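Thanks for making the time this morning. I would like to walk us through one model, beginning with the chain and then turning to two residues.

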Amino acid sequence: MHAVPSTASPELASFLRRHGLRVVVQAAIVGAAAGLLSLLIPNKFTAATVMLPPNPQADLGGMLSGAAGGMAISRALGIDAQNEIDVYLGVLRSDHMNQQLVRRFELQKVYKQKDIEKAGKRLKANTGISLTNEGFVKVAVTEPDRQLAADLANAYAEELDQFLRLNTNTSARHRREFMDQRLTETESALASVEDSLRDYQTRSRLPLLGAESQASSAAAELLGQKVQRELELGTLRKVSTGPNSRVEQLQEEVDQIDRQLNRIPPATTEIARLLRNAKIQERILLVLTEERERARLLELKTMGSVDVVDHAGPPLHKSQPHRTLIAVAAFGLALLAGLGLARLREPPPLER
């Protein structure tokens with residue numbers, strides 16, 4: 001069997017000879033017309049502001065040391081440090097930020113919109129908020145007015161900085177006020193425990209015992225161990241559905257501690273209990289004092305929360321429209337459309 005020679009290539013060449021020049025000229029005219037019409041589209045300019053991502057380890061500029069100090073901002077805002085970048089993006093894209101900028105620059109008049117909501121939608125359409133490959137936060141604004149584009153891009157960073165500082169300081173103030181209240185309550189509880197200890201020793205006619213008393217310290221240690229094991233025992237009994245060797249072991253340890261406590265004079269046991277409560281209140285007081293100091297320092301923080309790498313300036317060159325691309329695209333589409341129409345208009349070949 002011999003292969004039948006294809007006639008597609010000669011037919012295509014013949015088709016292009018008949019219609020190619022006319023279609024190309026028509027497509028060129030369409031492309032030129034599209035390029036000329038694109039001159040009617042006003043130029044737009046894009047200005048961009050680039051900000052550093054949040055750095056929780058630099059909180060308070062080193063006023064707080066260690067991990068606890070480094071996480072001050074995160075704790076005050078009620079978020080985890082690894083999610084602070086999402087907070088940046090969320091605030092920048094929020095309706096609150098959008099409406100603040102609309103009011104600040106009177107964009108309702110600039111965009112000639114009836115209400116603030118439509119002006120806000122126009123601003124969102126003109127704004128791009130993204131992360132760069134380096135992890136920086138970039139805000140790019142495209143406007144016909146190059147100065148307005150730069151001012152809006154910089155205003156995003158300014159409004160973000162103000163929002164974070166306001167919310168951080170407000171949260172820190174609330175936290176400090178809460179710590180002040182808890183400190184007052186703890187100091188009162190500690191004083192009450194100390195008074196109870198002194199009164200009990202006076203009533204029992206026992207010598208004043210301090211933390212150095214070996215008997216009281218041993219009794220307090222036993223009481224602490226008993227509370228710890230009882231907590232674990234209660235938890236296991238709630239979650240266990242059948243026999244549990246750990247439950248039996250813990251119960252045996254609790255019984256053994258009770259037997260040891262029974263051998264200690266009641267007066268010593270009671271004093272140990274009061275001493276243990278006093279130590280607990282002292283520990284709480286120490287922790288609350290440290291936390292209150294952190295909140296107080298954070299409340300006094302006045303430095304900016306946002307570090308800007310590149311401030312936006314009025315761009316020298318337009319970013320839109322891409323007139324060459326418009327002309328080339330119009331030429332290509334017109335060329336394809338012209339060839340297709342020419343093919344459809346040709347009569348089908350006669351069968352031999």
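**The chain and two of its residues**

Among the contacts in the protein chain between residues at least 6 apart in sequence, 77% join residues at least 24 apart, where contact means heavy atoms within 4.5 Å. This is a predicted model, in which local features need pLDDT of at least 70 and side-chain atom pairs count only at pLDDT 80 or more, while totals for chains, interfaces and linings use all residues. Residues are numbered from 1 along each chain as its sequence is written, and side-chain values use heavy atoms, with hydrogens and water left out.

Of the 352 residues of the protein chain, 33% count as buried, which is to say under 20% relative accessible area, with exposed meaning over 50% and partly exposed lying in between (1.4 Å probe, protein chains only).

Let me turn to Asn154, whose place is in helix 8, residues 146-204; helices here are DSSP runs of H or I with at least four residues, numbered from the N terminus. Is Asn154 buried or exposed? Asn154 counts as buried because its relative accessibility is 14%. Not counting residues up to four places away in sequence, Asn154 touches Thr49, His311 and Ala312.

Ile29, by comparison, has its place in helix 1, which covers residues 8-38, and Ile29 counts as exposed because its relative accessibility is 54%.

Note on methods:
Helix = DSSP H or I, 4+ residues; strand = E, 2+ residues; numbered from the N terminus.
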